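Have the sequence and the 3D view open as you read.

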Amino acid sequence: RLSSSEVLRYLLSRGVGHVVALQYAHKPGIARELNRYMATLCQEFPGKVTGMATVFPGEEDGGAILREAFESGLQGVKLHAHVQCFDMNSEAMDVIYETCSSAGKPLTMHVGREPKSPAYKCDPYLLCNADKLEQVIKNYPKLNVCVPHLGVDEFTSYKQLIEKYDNLWLDTAMLLADYFPIRNPFTLDEMRSDRIMYGSDFPNIPYAWDRELKRLAESGLPEELLGSVLSRNAAEFYHICPG
């Protein structure tokens with residue numbers, strides 16, 4: 001099993017120019033240590049890794065945990081509703097939204113309904129839907145939010161949301177690899193091109209790490225759109241300086 005440092009070293013050795021590293025706390029009380037570790041990884045690869053902080057929604061001192069993480073150099077927050085079992089419209093989430101918004105830090109939040117699994121302790125179909133997310137982005141217009149997996153499986157709803165709101169992005173993670181059983185197909189060239197970014201979910205994927213990159217390269221998408229999806233949009237969202 002590779003360590004996080006070895007995973008990053010491997011990606012960078014394969015020509016990946018920059019890595020966004022995401023994590024999430026699966027229980028209260030561990031976020032500070034995870035954030036310290038992530039900050040150390042970023043220091044090990046200066047200018048090559050953008051690290052995201054985490055916090056467990058509702059845990060004590062959540063705002064302080066995030067402020068400390070931002071002071072250590074972490075550039076945003078990652079949350080996962082399926083694992084952390086939070087309702088994105090609950091009062092416990094306000095401190096996270098407010099802290100990120102006031103600090104100008106983006107929030108990557110897995111709040112799409114899929115994949116649903118009996119292994120989760122909560123039902124994501126009760127916690128996650130596009131209407132709930134719309135309330136968040138309306139309440140916090142200065143908070144930039146990314147929803148992974150293009151919001152699977154509510155593609156049409158999320159397509160409409162990114163057309164309506166400038167503070168919402170979507171990423172493509174695992175959607176180009178035939179992983180999800182998609183009943184309502186989508187095409188990237190039908191979506192708002194400045195709000196879609198490539199995501200990999202590497203290393204926790206059941207296929208080759210570059211499969212989706214190869215499919216994008218062979219997709220026939222216009223070069224301008226490919227450049228936006230593969231680099232420019234993520235650079236804007238995560239505040240990545242070129243170089």
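Q: What makes Asp171 stand out among the charged residues here, salt bridge or no salt bridge?
A: This is a predicted model, and in it Asp171 is buried yet has no salt bridge. The nearest side chain of opposite charge, Lys78, is 7.4 Å away.

Q: Where does Asp171 sit, and what does it touch?
A: Asp171 belongs to strand β6 (residues 168-171). Setting aside residues up to four places away in sequence, it touches Cys146, Val147, Pro148, His149, Leu150, Met197, Tyr198 and Gly199.

Q: Why is the Glu68 and Arg32 pair called a salt bridge?
A: Their closest N and O atoms are 2.8 Å apart, and the cut-off is 4 Å, so the pair qualifies. Glu68 is in helix α3 (residues 62-71) and Arg32 is in helix α2 (residues 31-44), so the bridge ties together parts 36 residues apart in sequence.

Q: What makes Lys159 and Glu163 a salt bridge, and how far apart are they in the helix?
A: The N to O distance is 2.9 Å, which is within the 4 Å limit. Both are in helix α8 (residues 155-164), and because they are four residues apart, about one helical turn separates them. Lys159 is partly exposed at 25%, and Glu163 is partly exposed at 45%.

Q: Why does the Asp210 and Lys214 pair count as a salt bridge?
A: The closest N and O atoms are 3.6 Å apart, and that is still within 4 Å. Asp210 has a relative accessibility of 17%, so it is called buried, the cut-off being under 20%. Lys214, at 48%, is partly exposed, because exposed means over 50%. Elsewhere, salt bridges with shared partners join Asp166, Arg192, Asp194, Arg195 and Glu236 into one network.

Q: How many salt bridges does the whole structure have?
A: A search of the whole structure turns up 15.

Q: Which residues of helix α5 are buried, and what covers them?
A: In α5 (residues 94-103), the buried ones are Ile96, Tyr97, Thr99, Cys100 and Ser101. Their cover includes α3, β3 (77-80), β4 (107-110) and α7 (130-139). After the helix comes Gly104, with a positive phi near 70°.

Q: What makes the phi values of Asp61 and Met174 worth a look?
A: Most residues other than glycine have a negative phi. Asp61 isn't a glycine, yet its phi is positive, about 65°. Met174 isn't one either, and its phi is about 70°. Asp61 is in the loop between β2 (49-51) and α3, and is partly exposed at 42%. Met174 is in the loop between β6 and β7, and at 6% it is buried.

Q: Which peptide bonds are cis, with omega about 0° or about 10°?
A: One joins Glu114 and Pro115, with omega about 0°. Another joins Phe202 and Pro203, with omega about 10°. Pro115 is in the loop between β4 and α6 (124-127), while Pro203 is in the loop between β7 (196-197) and α9 (211-217).

Q: What lines the second largest pocket?
A: It has 13 lining residues, with Leu175, Leu176, Phe186, Leu188 and Arg215 nearest its centre. By class, the lining has nine nonpolar, two polar and two charged residues. The space in this pocket is about 220 Å³.

Note on methods:
Residues are numbered from 1 along each chain as its sequence is written. This is a predicted model: local features need pLDDT of at least 70, side-chain atom pairs count only at pLDDT 80 or more; totals for chains, interfaces and linings use all residues. Side-chain values use heavy atoms; hydrogens and water are left out. On a 1 Å grid over the protein atoms alone, a cavity is a set of points where a 1.4 Å probe fits but cannot get out, and a pocket is an open set with protein on both sides within 12 Å along at least five of seven lines; lining residues have an atom within 4 Å of a point. Grid points are joined across faces, edges and corners, and a volume is the space filled by probe spheres set on the points. Ala, Val, Leu, Ile, Met, Phe, Trp, Tyr, Cys and Pro count as nonpolar, Asp, Glu, Lys and Arg as charged, and the others, Gly among them, as polar. Helices (H or I, at least four residues) and strands (E, at least two) are DSSP runs, numbered from the N terminus. Buried means under 20% relative accessible area, exposed over 50%, partly exposed in between (1.4 Å probe, protein chains only). Lys and Arg count as positive and Asp and Glu as negative; His and the chain ends are not counted. Contact means heavy atoms within 4.5 Å.
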